[in-house]
Every structure is written in structure tokens, then in C-alpha cells.
Amino acid sequence: MAGSHPHPLVRLETLALVGIGGFAGANLRFFALGLVPDVVAVLLVNVLGCFALGFIAYEAQYSGIVERKSRLVFTTGFLSSLTTYSTFALQTALATDPFLLVAIVLGNYGLGFAGVLASRELARRVRSPEATAAGGETA
């Protein structure tokens with residue numbers, strides 16, 4: 001079955017593109033950490049990352065304009081390096097003020113989820129006219 005597996009150079013190309021996306025995402029997060037306080041920066045990158053990931057996932061479901069390899073570069077490469085669950089978890093564990101602890105958790109989860117819902121609406125609105133509605137949401 002020669003056609004079932006991509007050529008090793010295609011896989012290498014994809015790995016390189018994901019790495020480039022990861023490099024860009026990690027550097028943007030580092031840049032954000034230098035602009036505002038760390039808790040705010042982590043919240044900002046996580047919420048924006050949730051919005052962007054939601055949009056890319058729903059765009060793929062509704063219209064599929066963005067090519068699969070591009071989605072992989074943005075989701076696995078850029079967005080997974082931009083967002084940071086580990087720093088969010090560490091900030092939560094280190095929070096000594098109970099109000100701050102609750103704000104960090106609710107902010108990251110609540111606003112992140114709201115970002116995904118908002119991006120779903122945006123993806124629905126930019127769907128190509130010839131695309132048909134999916135039978136149910138799986139993303």
C-alpha cells in the first residue's frame with residue numbers, strides 16, 4: 001500500500017512547519033509576558049488561543065477553506081505554543097489570595113469557553129455560500 005503513507009519528506013515538511021508555528025507562538029507568548037503582568041498575559045494568550053482554535057476547528061467543519069496542513073501548523077504548532085495550561089496551573093497553585101485563585105480559574109476556563117463559542121458564531125457567519133450545514137457539531 002504505497003499510497004496509504006505519505007512520503008517521509010512530506011512528514012518532515014509538516015514537522016518543520018509545526019516547529020516554525022511553535023516557534024512563533026512561543027515567542028508571542030513570551031512577548032505578551034513582557035507587556036502586562038504575568039497572570040493577565042497568560043489569561044490573554046489562553047483566551048485568544050481558545051478563540052482562534054475554536055474558529056479554525058469550526059471553519060474546517062463549516063467551510064473547509066483553510067487547508068489541512070495549514071490548520072495543523074496553526075493549531076498544533078502556533079496555538080499550542082501560544083497557550084499555556086502549565087503556567088495557568090502553576091499560577092493557580094501559587095495563588096495565595098483565594099479571590100485571585102478563583103479569578104484565575106474562572107477567567108481561564110470561563111473566558112476560554114466563551115472564546116470558543118464566539119469563534120463558532122464567527123465561523124458560521126464566514127461560511128462559504130456553497131457550504132451546507134453539518135448534521136451536528138463534532139468539533
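Modeller: Let us begin with two tyrosines: Y58 and Y62 are both buried. Please bear in mind that this is a predicted model.

Colleague: Where do Y58 and Y62 lie?

Modeller: Both belong to helix α2, four residues apart, which is about one turn of the helix.

Colleague: How many aromatic pairs does a search of the whole structure find?

Modeller: The search finds three. Planes under 30 degrees apart count as stacked, and those over 60 as edge-to-face. The ring centres of Y58 and Y62 are 5.9 Å apart and their planes lie at 20°, so this pair is stacked. For Y85 and F88, the centres are 5.5 Å apart and the planes stand at 70°, so that pair is edge-to-face.

Colleague: Is Y85 buried or exposed, and what of F88?

Modeller: Buried means under 20% relative accessible area, and exposed means over 50%. Y85 has 56% relative accessibility and therefore counts as exposed, whereas F88, at 5%, counts as buried. Y85 and F88 are three residues apart in helix α4, and together with Y109 they form one aromatic cluster.

Colleague: Which residues make up the largest nonpolar core?

Modeller: The six residues are A32, A41, V45, I56, L79 and L82.

Colleague: Which residues make the nonpolar surface patch of about 450 Å²?

Modeller: That patch is made by L28, F31, L35, V36 and V40. Helix α1 gives the most to it, with three residues. V36 sits in the loop between α1 and α2 and is partly exposed, at 32% relative accessible area.

Notes: Residues are numbered from 1 along each chain as its sequence is written. This is a predicted model: local features need pLDDT of at least 70, side-chain atom pairs count only at pLDDT 80 or more; totals for chains, interfaces and linings use all residues. Side-chain values use heavy atoms; hydrogens and water are left out. Patches are made of residues with over 30% relative accessible area and no salt bridge: like charges are joined within 9 Å, nonpolar side chains (Val, Leu, Ile, Met, Phe, Trp, Tyr) within 5 Å. Accessible areas come from the Shrake-Rupley method with a 1.4 Å probe; for residues, only the protein chains shown count as cover. A salt bridge is a side-chain nitrogen of Lys or Arg within 4 Å of a carboxyl oxygen of Asp or Glu. Helices (H or I, at least four residues) and strands (E, at least two) are DSSP runs, numbered from the N terminus. Buried means under 20% relative accessible area, exposed over 50%, partly exposed in between (1.4 Å probe, protein chains only). A nonpolar core is a set of buried Ala, Val, Leu, Ile, Met, Phe, Trp, Tyr and Cys residues joined through side-chain atoms within 4.5 Å. Rings of Phe, Tyr and Trp (its six-membered ring) pair if their centres lie within 6.5 Å; planes under 30 degrees apart count as stacked, over 60 as edge-to-face and the rest as tilted.
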